[in-house]
Amino acid sequence: MNTRDPEHAHEQAPRDVAILGGGIAAATLATVLAANQVRVTVVDEAEPPRFPQGEMGVHAAGLFRILAERYQVPELARLSTVKDIHEHITRTVGAEHCHSFVYHREGRPQDPSELLQVCPPKGAPPEPHFYRADIDAHLLRAAENRGADVRRGVKVTGAVPGPADVLVSLSDGGRIRARYLVDATGPDSPLVAALGLREEPARFTTVSRTLTTHMTGVRPFADVVADRAAAYKAPMPWARGSMHHLTDGAYLAVLPFDNHPVPAAGVVSVGLTLDARRFPAEDFAGLSAEEEFRAFVARFPTLAAQFEDAVAEHGWLSTERNQYAVSRTVGDRWCLVADAAGYVDPFISRGLGIALETVNVLARRLLDAVADGDFSTERFALVDDFTRGHLDANDELAAMAHASLRDPALVKAVLFVFEVGFRFGGFPLLTAYSELRSTGSDAALRALETVPYRGHIFAGHEGYHLLFAATGATCAAVAAGELDPRTASERIFRSVREAEFVPAAFKLNDPTARFLQITPVTLLRLALWTVRGAPKDIAPLIRTGIKTVLRGG
C-alpha cells in the first residue's frame, strides 16, 4: 500500500546537494561531486548563457587539469587542451595561439603602429576558445554519466533554505529536498530574489554593457589589411587567436571557433562592450542590437570592411548594464557561485576563471560537509570571501582596461602591466598542481586560498600589488579627467621599467613594441636571471614556469 503523503507525491528522496543552473560551473561541480559519491540533482532551465559568445579558456584550462587531478575526475582534463576537446568532445572550439589588441580611430584606417600582439611561448599548447553551448551540454552529460540526476527544461519557482534542509520547488510540480543548495544560475537567481541579496546599485566601479552574438562571414583581419601586408607582418597570423578591436569608449572581441588547423571564415564569437556611461542604452532605444552594432562598426573603415558581409547566426543578446552584485554569497545550507554571485565584464573572459576557481574551493568543503553533516555558514565563509574578493579584483582590472581606451599609448601601458601579472600569476598554481601530482597532497592548493590579494592576476605578491594599484589609480585619474592619457602612459611605463621583479628579458621597457613573444632566447635569459639577480620570491616561480614550457605545457 502506498502510504506516501499526497502533498509530497512529486518529491524525490532527499539529496545531498541540489544545484541550480546548467552552465559550466554548475555542471563541473555536479560532475566532481557525483564522481565522489555525493547524491546530486541539477536543475537546468535550458536557457542560453547570459553571454553566448565564446569564452577564452586562458586560466580555465589549467583549472580543469587541477580539478581532474584533485578530485579524481579524469574526464575533466579533456577540457584543458584543444587537441583533447577535438578528439573527445566537439570540433566547435577555437585555438588561442596569440592575443591581439588593435586600436581604431573614428573615420581613419587602422594605424599599424597602434596594435599589440602577445604570443605564448613556442611549443606551449594553445588555450581553447569554448563554444559554450557544446561545452556546457557535454559537462552535463558527464555529470549524468557519473550518477547525477539532471532535470532539464524546468524552472525553479521557489528555493527555501531551512535549518535542516533546503526545499526547491519546480514548475512541473516537482520538489527537491537537499542538505545543501548551490545556485549557479545568473542575474535572475531565484535564491537571490528569495533572500533579498541583490546590491542596488552594484558596488562595482565598472559600468559597461554588451551586444553579443555568433557570426559567419567575418573577413579575416589579414585580408582586410592585405594592401598593407608588410606593415602588419606579425609573429603569428592574426586569425590564429583572439582579436580585440579597441577604441575610445568600447572594445570589440572576436573569437574564432574554426582556426584549426588552417584559419577559415566560419563561425566566430562577436561581443561589443561599451562604456555605458558614455554610450547609455537609452540613447539607442530606437535601434535593435544588430542596428546599433552596424552603426558602430561603420564609424571605423577597417572594421566596416571586416564585417561588411558578416551575418548573425542567431539573435543578439544585449544588456543595459553588465554589472550586478550580491551582499553575500553563502549562508546556512546555501551558496551562490558563477553568475549568480555577481558579474563584472566580459573582458578576456575573467568571469569563467573565477567561476572555476570557486568550484575548486567549494567542492572540497562540500565533500567534507557531506561526510560529517556540518553545512554551517562558518564552514563556507572562506568561499564568500574568495568569491567577493575575485569579483572586486576583476572590477579593478576591468575599470583599468576601460579607462585606458582613451588613448592607444595608455592601452599599451596597461596591457604591459597585465602581461606582467599573467606571466607570473599562473606559476603558483602550476607549482601547486605539480605538488598535487607528485605527492597526492593538495596542501599547496589550500595555501593559495588565503594568500594576500587573492583574486588578482598575480595574487600573493606585494610588489605586483603595488604596481597594479598604482596603475589603477593613474587610470582612475584619467577617467575623472584629472590626468592626460599620454602623461598617464609615461608614468605607468616608468613604473614597469623600475619594478625590480620585472626582468629585462620580458622586453616590457619599450612603449613602441608591437609584439611580445617568449622565445628560446627569452627562456635562457630568464633562467640566467633566476641565479644572477632575480628577487627571491620570483626566481622559484620562473624556474617552475620554464620547466612547464619545456615539458610542453
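This is a predicted model: local features need pLDDT of at least 70, side-chain atom pairs count only at pLDDT 80 or more; totals for chains, interfaces and linings use all residues.

**Checking the words against the values**

Visitor: Which residues of α16 are buried?

Guide: They are Thr 522, Leu 523, Leu 526, Trp 529 and Thr 530. Buried means under 20% relative accessible area, exposed over 50%, and partly exposed in between (1.4 Å probe, protein chains only).

Visitor: Why are the buried residues of α16 said to line one face of the helix?

Guide: Seen down the axis of α16, they fall within an arc of 120°, so they line one face; the arc is that of the directions from the helix axis to the C-beta atoms. On the face turned away from this buried side are the exposed residues Pro 520, Val 521, Leu 524, Val 531 and Arg 532.

Visitor: What makes Thr 474 buried?

Guide: Thr 474 has a relative accessible area of 8%, which is under the 20% limit, so Thr 474 counts as buried. Thr 474 sits in helix α14 (residues 462–479). Apart from neighbours within four places in sequence, Thr 474 is in contact (heavy atoms within 4.5 Å) with Leu 483, Ala 488, Arg 491 and Ile 492.

Visitor: Why is Arg 65 called partly exposed?

Guide: Its relative accessibility of 24% falls between 20% and 50%, so Arg 65 is partly exposed. Arg 65 belongs to helix α2 (residues 60–70). Not counting residues up to four places away in sequence, Arg 65 touches Ser 80, Thr 81 and Tyr 433.

Visitor: Why is the pair of Phe 221 and Tyr 232 called edge-to-face?

Guide: Rings of Phe, Tyr and Trp (its six-membered ring) pair if their centres lie within 6.5 Å; planes under 30 degrees apart count as stacked, over 60 as edge-to-face and the rest as tilted. The ring centres of Phe 221 and Tyr 232 are 5.6 Å apart and their planes are at 80°, so this pair is edge-to-face. Phe 221 lies in helix α6 (residues 221–224) and Tyr 232 in the loop between α6 and β13 (242–247), so the pair ties together parts eleven residues apart in sequence. Both Phe 221 and Tyr 232 are buried.

Visitor: How many aromatic pairs does the structure hold?

Guide: The structure holds 19 aromatic pairs. Among them is the edge-to-face pair of Tyr 131 and Phe 257, at 4.9 Å centre to centre and 75° between the planes.

Visitor: What lies over the face of Phe 506?

Guide: Arg 423 does, at 4.7 Å from the ring centre. A charge sits over a ring if NZ of Lys or CZ of Arg is within 6 Å of the ring centre and within 35 degrees of the ring normal.

Methods
Residues are numbered from 1 along each chain as its sequence is written. Side-chain values use heavy atoms; hydrogens and water are left out. Helices (H or I, at least four residues) and strands (E, at least two) are DSSP runs, numbered from the N terminus.
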